[in-house]
Amino acid sequence: MKNSDDLMLIPHEEGFRAWRLRGGSIAKAEHESRSRRGTAWIALPARSLVTVPFRFQGVDSGRREAMAQLELEAAGFGQETADTNNFDLWNLGEDERDQRSISFIQVSSLPADILEEGGNAKFAPSVAFHQLQPGEALIWREAGTLVLAIPHESGAPLHCQALAARVLDADAAAEIRCILASLELGGLSPDIQKLAIVSTSLQPEAVVGEEPVPPMEDILTESFTDELDIPVTLREEQIPSLPAHASRLIPAPVVKDRLDRQQRHMIMMGALAFAFVMVAALGAFAARVALRDHAVEQELARLDSLEPELATIRDAQAAWEDMRFAISPEEYPVESLHQLVGLLPEQNIRITRFEVREDGMVIDGVASSLGHGIDFREKLISHEPFKRWVWDFPQPINLNDGTATFRAEARLPDVDQDLEVTTL
């Protein structure tokens with residue numbers, strides 16, 4: 001056991017009493033006004049348990065519990081033993097050929113105020129907190145109920161149960177004899193030499209029949225000692241000790257509460273893990289954004305340093321655009337006019353308007369006849385220097401005097417601007 005302060009809740013005559021274990025040894029009982037938070041051990045009252053002793057001969061230790069469960073199922077405890085937290089089997093002794101065991105089965109729950117303190121506590125039968133002596137049966141009170149414990153030769157509990165009798169009289173003696181006889185019939189053969197009765201008002205080891213004997217009419221009667229036929233001693237209540245056996249007994253409400261807490265803990269851990277991942281992801285994203293911002297700032301600084309060179313390039317580009325019409329024959333207005341004049345016949349066609357724009361040109365004219373206007377239209381749109389233009393040259397309009405007027409508009413492909421450059 002760990003060497004620390006542990007609080008134990010043990011059934012007593014008036015209910016549960018708290019005991020404080022300090023530094024590995026019991027110091028004293030806790031005052032009722034003291035808080036019971038942090039309870040390390042809770043004793044299960046005998047009336048909440050059913051104990052069944054077993055005797056196995058030559059059975060493998062790994063199959064011992066399964067055999068005990070089969071026997072308990074046959075006795076009608078199948079539902080109670082299905083849950084491992086509701087059933088426990090303690091092995092007694094080291095003899096592999098003649099094995100003695102005791103099983104504990106929970107049949108009723110604890111008071112609600114005790115269950116509230118069992119969130120992190122260990123549970124064990126109340127008999128495990130009492131010091132049993134080989135050959136000496138022990139009787140004590142738990143909340144008005146008399147409890148009988150029969151020890152194994154090793155000092156461990158062989159059998160423990162709450163008695164139906166409320167006082168130690170002839171009926172109680174008969175009940176105890178029946179219990180001892182049933183253990184004899186089961187082949188357990190408890191060697192009981194005397195019976196000790198725990199009382200808080202007596203000095204330890206006060207033997208009945210010897211003087212002085214304090215009055216004990218509320219617990220013990222003369223008929224009990226006469227009918228039992230074994231020596232009876234009165235023992236002062238001893239300080240409880242920690243169980244020698246680890247127990248897996250846990251009340252069902254405590255099991256459910258622990259599962260709920262475990263699920264909440266897992267949900268919280270999952271939420272924390274998700275939050276941690278999100279924070280890490282956001283942190284990585286923020287770091288990446290910061291690096292990108294730094295890279296952008298560096299690039300902007302580099303571009304700013306190139307601004308004088310870029311200004312020179314832009315100026316040269318603007319100058320080139322200004323010179324484009326002068327150095328590109330197909331775009332030079334004079335060249336376009338020269339090509340148009342070259343298409344004109346010596347007579348019958350007269351140009352009244354020639355307008356060159358950045359995105360095209362407009363030609364107005366008069367033909368001496370409609371046929372001459374149509375012939376000029378075909379020559380103009382099929383002339384090689386003008387094929388790159390998109391022409392809008394409708395049919396010439398015939399006038400009353402026999403002449404015809406025409407209007408041809410040309411534009412460069414994919415040019416939407418309509419800025420006039422020059423007019424001739």
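Here is a short chat about reading a helix and a strand in a predicted model.

Q: What should I know before I start?
A: Residues are numbered from 1 along each chain as its sequence is written. In this predicted model, local features need pLDDT of at least 70, side-chain atom pairs count only at pLDDT 80 or more, totals for chains, interfaces and linings use all residues, and side-chain values use heavy atoms, with hydrogens and water left out.

Q: How many helices and strands does the protein chain have?
A: You'll find 8 helices and 20 strands. Both are DSSP runs numbered from the N terminus: helices are H or I with at least four residues, strands are E with at least two.

Q: Which residues of helix 1 are buried?
A: Start with the general idea: an α-helix has 3.6 residues a turn, so residues three or four places apart point the same way. In helix 1 (residues 64-74), the buried ones are R64, A68 and L72. Buried means under 20% relative accessible area, exposed over 50%, partly exposed in between (1.4 Å probe, protein chains only). Those three sit on the same side of helix 1 because they cover an arc of only 70° around the axis, judged by the directions from the helix axis to the C-beta atoms. On the other side, L70 and A74 are exposed.

Q: What about strand 6, and where does L89 stand?
A: In a regular strand the side chains alternate between the two faces of the sheet. Here, 5 of the 6 residues of strand 6 (residues 87-92) are buried. Strand 6 pairs with strand 7 (residues 98-106) in the antiparallel sense over 6 bridges; pairing takes at least two DSSP bridges. L89 stands opposite S103 in strand 7.
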